[in-house]
There are 4 protein chains.
Amino acid sequence: MGKTIRVTVWNENRHEKIDKNVAKIYPKGIHGAIADFLSQEPDFEVRTATLDEPEHGLTKEVLDSTDVLIWWGHMAHNEVRDDVVDRVYDRVLNGMGLIVLHSGHFSKIFKKLMGTTCNLKWREAGEKERIWVVEPGHPIAEGLGEYFEIPQTEMYGERFDIPAPDTLVFISWFAGGEVFRSGCCYNRGRGKVFYFRPGHETFPIFYQPEVQRVIKNAVRWAAPVNGPVPTFGNVKPLENI
Amino acid sequence: MGKTIRVTVWNENRHEKIDKNVAKIYPKGIHGAIADFLSQEPDFEVRTATLDEPEHGLTKEVLDSTDVLIWWGHMAHNEVRDDVVDRVYDRVLNGMGLIVLHSGHFSKIFKKLMGTTCNLKWREAGEKERIWVVEPGHPIAEGLGEYFEIPQTEMYGERFDIPAPDTLVFISWFAGGEVFRSGCCYNRGRGKVFYFRPGHETFPIFYQPEVQRVIKNAVRWAAPVNGPVPTFGNVKPLENI
Amino acid sequence: MGKTIRVTVWNENRHEKIDKNVAKIYPKGIHGAIADFLSQEPDFEVRTATLDEPEHGLTKEVLDSTDVLIWWGHMAHNEVRDDVVDRVYDRVLNGMGLIVLHSGHFSKIFKKLMGTTCNLKWREAGEKERIWVVEPGHPIAEGLGEYFEIPQTEMYGERFDIPAPDTLVFISWFAGGEVFRSGCCYNRGRGKVFYFRPGHETFPIFYQPEVQRVIKNAVRWAAPVNGPVPTFGNVKPLENI
Amino acid sequence: MGKTIRVTVWNENRHEKIDKNVAKIYPKGIHGAIADFLSQEPDFEVRTATLDEPEHGLTKEVLDSTDVLIWWGHMAHNEVRDDVVDRVYDRVLNGMGLIVLHSGHFSKIFKKLMGTTCNLKWREAGEKERIWVVEPGHPIAEGLGEYFEIPQTEMYGERFDIPAPDTLVFISWFAGGEVFRSGCCYNRGRGKVFYFRPGHETFPIFYQPEVQRVIKNAVRWAAPVNGPVPTFGNVKPLENI
């Protein structure tokens, strides 16, 4: 087993408070459900943070001791303070992994890191999704079959307005006629970002073994590497060429 | 209008000879159908070549005077002579554009340039295909809508065993549950390669305006650039650093 | 010749006003020098805009009638109004090409589109730079040799904190021991972005034929494509699958 | 610690036999030197294979029990049997990692996997090389500084005729005026390929700690992932859409 990976699961945690159906599916909140399955991994150290905590639970201390941050948000993206977004952004560029789930595509932090609108098509029809692995040797595909299905989900469709991923791992098929780049890897600064499409609040998607498998794999992939810390600014030339 | 682009349309031309249905759809051969619509472009100079011609119609003279080669093959990939494949390969690396259509994914030349098996899933059920544009600013998407449909086609599904494209322009959705990377751009040597999925012999796909539009765009994108001709081997160091 | 490309050359135009040496090298401003050589192309329609004009010369009308925007800035990045940056950003994502030169790496617009700090190493020692073409088939390399040299320049060195380019066209060598990704292509939204390293204010770099060649090529590469305009939001499923 | 990674170090082992200087630097052969430092890792199980062994030491049994193959060759590329190359190729596409060192750029296996000539410039002048990390968050950069130097080496210069790497980790600077893409990652099939430039036979480069660090990191990065094994060919449609 490798060294411990410190994971913080961040959730907006609003749907759970105001919608009985969501609360029924996720009684501990989406963050609680994610923390539960991640905690089964002996090398993960897991805690949670939510929007309504002071500083959204993402103080400097918390971020400095986080190796991988998982992000779920939907209805309250605009309530996330810009200074906290900047703090997360700096940590990602300095090596912290970031996993953005589902409706997090429209979070301030994801848009800031992508440099694009991150807009997409959507439909809430509870239709079937088939997620195909297109890069079977990628560590995020470990333990999966050639595809897995989500029986009922909200559809997300192309055009997904993102930069082309550094590595595209999954493409989704939807019963209603759309496709979607569902698993997208990015290097940004010294950090890694993974966007994973599944995860609606009104379907029990985070209880699905394949979805859990992907998120666990992504945590390991996104964990910081002890690589060089670049220096910037004025430098002297090489002596003794 | 830009300068003239010299296009050679290569076709195996076997299905047309032995299958009445194919001959009915493509009375002039698939190469004839493609040459017909390309010839409508005033800046294209179009000719054809087929397997059963001497040297498959791809003599040194023909290739040296070809800017973009279009390739359709299916049942007779193995009959293509290795020395002709090597000749095409050298020309691509030296700047000639190559557009590989549909079942050409299994041609010797495409496999040699990709370095992988180029294998895939398939199904002949005449099902519907929806081709989504995922890179709307790419020149190969010029003049298209967000997607276009092929009413009845053979399905090709992932995993498509290719290197990740330098640019992925199209993703296909199929009614039966598959997705496919349908428009793949590659730089190889000084040349450009475009793989385009549509184009079965038993459906009139090459008469469809969107398909014609894509192939015309691809010819322009793949046309040679008058860039540097790299030199290789032993070199002297820079003087006067 | 293709259709007319409308180019707007934007310059901060401050060094030219306060530094006699810069004013001597670029008596019409850096924007004037760039506009001069671009205007030699019969298919380019060229105008300029500068920081001290109302709205920095980048009104909605100007941007709406600009196909490719060229950006040079250095000492006054922070004086560029955020609403103007947002306006440029929206236009790029909607198809306008953007060419960012040299110290523009630290402009608000480039950092916003990249999603990273865009920081780097630098040294003002008037040393030699050799710019190597690593993608000789790319349209931006048209008309160049295998490399070209800038006799005296400011050095920019890696680590350059950018996302890996969609296509890397040039790598620079510097006499003092550094390398740099000097020609970087990005697709962002429906638009294209090209970063080109050369271009210091105290050296006559924009008069160099190879530098002019690259910028002309980049204008043609970055010009908008009449591709699909994606729609976003709620959509209906496909009927008649 | 992770699970055991079975490494096979393949070496042509000819220079060592015919050149006293090489034999003096690498008394156990280049393969022996590489095996020695890899064996220090408790989770690596290391063996060697050389050209003059039956089947070049790369029998089906050996390859089937190899997770990562390291390849060094130079003067005898053409003596490597095509059937053995095909066997290695199949294993890479089915998941075995491959690390190609220095002059291995011209090996049959590397050229077959790349689909290009893999040609380059070179100079034997014992000049200084500076290898810059351009992707500091990549696992192959673990434990390195911003750059490291090789005091005396053969130069390799661009244009390096390879497909653009999926991830570019290192760029080399050479005293004589060249640059080179020195650390190139590729996904091919289910396998991973890493090309690493350093490693000439007449300099003691494989004893250098940074070079050893990179090769160890690359072994871990290239080790197989237990991902899906794609199936190919005729498939049935999804039922119960």
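User: What do the side chains of D:R159 and D:D161 form?
Analyst: This is a predicted model, and in it the side chains of D:R159 and D:D161 meet in a salt bridge, at 3.0 Å from N to O.

User: Buried or exposed, in the case of D:R159?
Analyst: D:R159 is buried, because its relative accessibility is 2% and the cut-off for buried is under 20%.

User: Staying in chain D, which residue does D:E41 pair with?
Analyst: D:E41 forms a salt bridge with D:R220, with 2.9 Å between N and O.

User: Where do D:E41 and D:R220 lie in chain D?
Analyst: D:E41 is in the loop between α3 (29–38) and β2 (44–50) of chain D, while D:R220 belongs to helix α7 (residues 209–222) of that chain. The two are 179 residues apart in sequence, so the pair ties together separate parts of the chain. D:E41 is buried at a relative accessible area of 14%, whereas D:R220, at 33%, counts as partly exposed.

User: And B:D52, what is the distance to B:R14?
Analyst: The closest N and O atoms of B:D52 and B:R14 are 2.6 Å apart, and the two residues form a salt bridge. This pair also links distant parts of its chain, 38 residues apart. B:D52 sits in the loop between β2 (44–50) and α4 (60–64) of chain B, and B:R14 in the loop between β1 (5–11) and α1 (15–18) of chain B.

User: How accessible are B:D52 and B:R14?
Analyst: B:D52 is partly exposed, with a relative accessible area of 43%. B:R14 is buried, with a value of 16%.

User: How many salt bridges are there over all chains?
Analyst: The count over all chains comes to 96 salt bridges.

User: How many of them are between chain B and chain A?
Analyst: Six salt bridges are counted between chain B and chain A. A:E135 and B:R159 form a salt bridge whose closest N and O atoms are 3.9 Å apart. There is also a network of salt bridges that links A:R123, A:E127, A:E178, B:K128, B:R130 and B:E149.

User: How many residue pairs are in polar contact across that interface?
Analyst: The rule finds 10 residue pairs in polar contact between chain B and chain A, with both residues at pLDDT 80 or more.

User: Which elements of chain B supply the side that touches chain A?
Analyst: β5 (121–133), β7 (167–174) and β8 (179–188) of chain B each supply at least two residues of that side. The largest share, five residues, comes from β7(B). By type, the side of chain B that touches chain A divides into 11 nonpolar, three polar and eight charged residues.

User: What about the area buried there?
Analyst: Chain B and chain A bury about 1,800 Å² between them, and 60% of it is on carbon and sulfur atoms. The contact takes 22 residues from each of the two chains.

User: Changing topic: how far does helix α5 of chain A reach?
Analyst: Helix α5 (residues 82–93) of chain A has 12 residues and reaches 16 Å from its first C-alpha to its last, close to the 16 Å expected.

User: Which residues of α5(A) are buried, and what covers them?
Analyst: The buried residues of α5(A) are A:V84, A:V85, A:V88, A:Y89, A:R91, A:V92 and A:L93. Their cover includes α4 (60–64), β3 (68–72), β4 (97–101), α6 (108–114), β8 (179–188) and β9 (191–196) of chain A.

User: What follows α5(A)?
Analyst: α5(A) is followed by A:G95, which has a positive phi near 125°.

Note on methods:
Residues are numbered from 1 along each chain as its sequence is written. Chains are lettered from A and ligands numbered from 1 in the order in which they are written. This is a predicted model: local features need pLDDT of at least 70, side-chain atom pairs count only at pLDDT 80 or more; totals for chains, interfaces and linings use all residues. Side-chain values use heavy atoms; hydrogens and water are left out. Helices (H or I, at least four residues) and strands (E, at least two) are DSSP runs, numbered from the N terminus. The expected span of a helix is 1.5 Å times one less than its number of residues. Buried means under 20% relative accessible area, exposed over 50%, partly exposed in between (1.4 Å probe, protein chains only). Contact means heavy atoms within 4.5 Å. Buried area is the accessible area (1.4 Å probe) that two parts lose on being put together, summed over both. A salt bridge is a side-chain nitrogen of Lys or Arg within 4 Å of a carboxyl oxygen of Asp or Glu. A polar contact is a pair of N or O atoms within 3.5 Å; within protein, one must be able to donate a hydrogen and the other to accept it, and residues adjacent in sequence count only if both atoms are side-chain atoms. Ala, Val, Leu, Ile, Met, Phe, Trp, Tyr, Cys and Pro count as nonpolar, Asp, Glu, Lys and Arg as charged, and the others, Gly among them, as polar.
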